[in-house]
Amino acid sequence: MNGKNIIIGICGGIAAYKIPQLVRLLKKRGACVRVALTEGGTHFVSELALATVSEEPVYRKIFPPTGSDEMDFTRHISLGEWADALVIAPATANTLARLSAGLCDDMLAAVFITLRPAKPVLIFPAMDGQMFLSPSVQRNIATLSAQGCLVINPESGVLASGQCGVGRMPEPEAILAALEKALHCGEKRSLLYGKSVVVTAGPTREKIDGVRFISNYSSGKMGFAIARAAARRGAIVTLISGPVHLPSPPGVDRLDVESTAEMNAAAEGFFRSCDLFIGAAAVSDYRPATPYDGKMKKDDEHIELTLVKNPDILARFGRQKSEGQLAVGFALETQTGLENARKKLVDKNLDLIVFNFFDRKTSGFDVDTNILTLIGSDGVTVELPQLSKDDAAERVLDAIEELCPKTGSNP
Ligand code: CTP
């Protein structure tokens, strides 16, 4: 952090009382810190305390009071130029809304606008759990993530209301670590930054009659982890999801579908434009030929269900992709896995296939960990240990990034 100029934006949340400690940590590492305090923030932490620990004036309004010694009306521009990064912690629902709407009504909002898109902006939302999960807050977070801000999800624990839930700001040490990482990443930006990534996830459902369907045990966790990780790397992510019980990852554009036909229709809209297509969905391979409209009655001792084949979404993309586009698939296998996975890689014209061992305890559907083997189209095989799905997603994206220069593509 030595020599880095950091602006910390503080909003009106109880976690604001921890920010003087963050300022101290940053200064100890040689950073120069200036604070932009919102009106709400003044209720939780004093300007004097912040000015004392930062050894800099604290900024609140854009315009200096008339007659003040310092008549600089363009301070928001010079601050934006001065800073190497902006950290907003805690970020309240109100400030998330102001920033995502592009309002410019105090120094923090003004500096936010003058910084982007060239400098890292780290946002740490902290608020009541229900507020955080509300559609409006999630929409604003998605907008800000899509603009390239790094929005770090709050932690779970006891909240100011006394209730337990998600909404706690990470500790100053964790904020410092995220900032150090972002500044380092800024020098070596992910190859996925700004690229269009489409991820399919979850199961599909094929209607038998008005109340029954064929499906599988997929929870969507792996696909969602990949979408989340790609968005964190700055990709513009579209997540096409079958029916799952998962919240949308921040910064990801989500399309909900039910059947394979719907997933196929949603996906093909991106076939020409996307840089990278990742098929992580457990797509139903067959559907009932003639779904019954109402509820079928059990009048017969035996009934036969005729199934017809569904389109293979990933194979369709793989076969028609043009130079510069990458296709990545998953192969969920219980036996003779590697061989089958290699065959799928070739048949579907993929650049990478992820062999996903299935045992329902440590790996596969509806568990939180996975055991994956990555197989490139050049035959290179990398076995990963048992990892959390989030860590596994990072390793899959690392492997994809390695493919980028080799294929001449620039996802
Ligand atoms: N896939 C797809 N559309 C389908 C079937 C599969 O897009 N109709 C994708 C999956 O998302 C996955 C890959 O193809 O990335 C392999 O899926 P998998 O279920 O392992 O294999 P299948 O091709 O369906 O073959 P099989 O069921 O015979 O193993």
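Reply: The questions and answers below concern this predicted model.

Me: What makes a residue of the chain count as buried, and what percentage of the residues is buried?
Reply: A residue is called buried because its relative accessible area is under 20%. By that cut-off, buried residues make up 50% of the 411 residues in the chain.

Me: How do you know which parts of the chain form domain 1 and domain 2?
Reply: The bounds come from an automatic or database domain assignment. Domain 1 covers 5–188, and domain 2 covers 196–292 + 304–403. The centres of the two domains, taken over C-alpha atoms, are 36 Å apart.

Me: Why are residues of domain 1 said to be in contact with residues of domain 2?
Reply: They are said to be in contact because they have heavy atoms within 4.5 Å. On this criterion, 7 residues of domain 1 touch 4 residues of domain 2.

Me: What is meant by the area buried between domain 1 and domain 2?
Reply: The term refers to the accessible area that two parts lose on being put together, summed over both. For domain 1 and domain 2 this comes to about 450 Å², with carbon and sulfur atoms giving 64%.

Me: Which side chains are called positive and which negative, and how many of each does the chain have?
Reply: Lys and Arg count as positive, Asp and Glu as negative. The chain therefore has 45 positive and 48 negative side chains under this rule. The centres of the two sets lie 0 Å apart.

Technical notes. Residues are numbered from 1 along each chain as its sequence is written. This is a predicted model: local features need pLDDT of at least 70, side-chain atom pairs count only at pLDDT 80 or more; totals for chains, interfaces and linings use all residues. Side-chain values use heavy atoms; hydrogens and water are left out. Buried means under 20% relative accessible area, exposed over 50%, partly exposed in between (1.4 Å probe, protein chains only). The place of a charge is taken as NZ of Lys, CZ of Arg, CG of Asp or CD of Glu. Buried area is the accessible area (1.4 Å probe) that two parts lose on being put together, summed over both.
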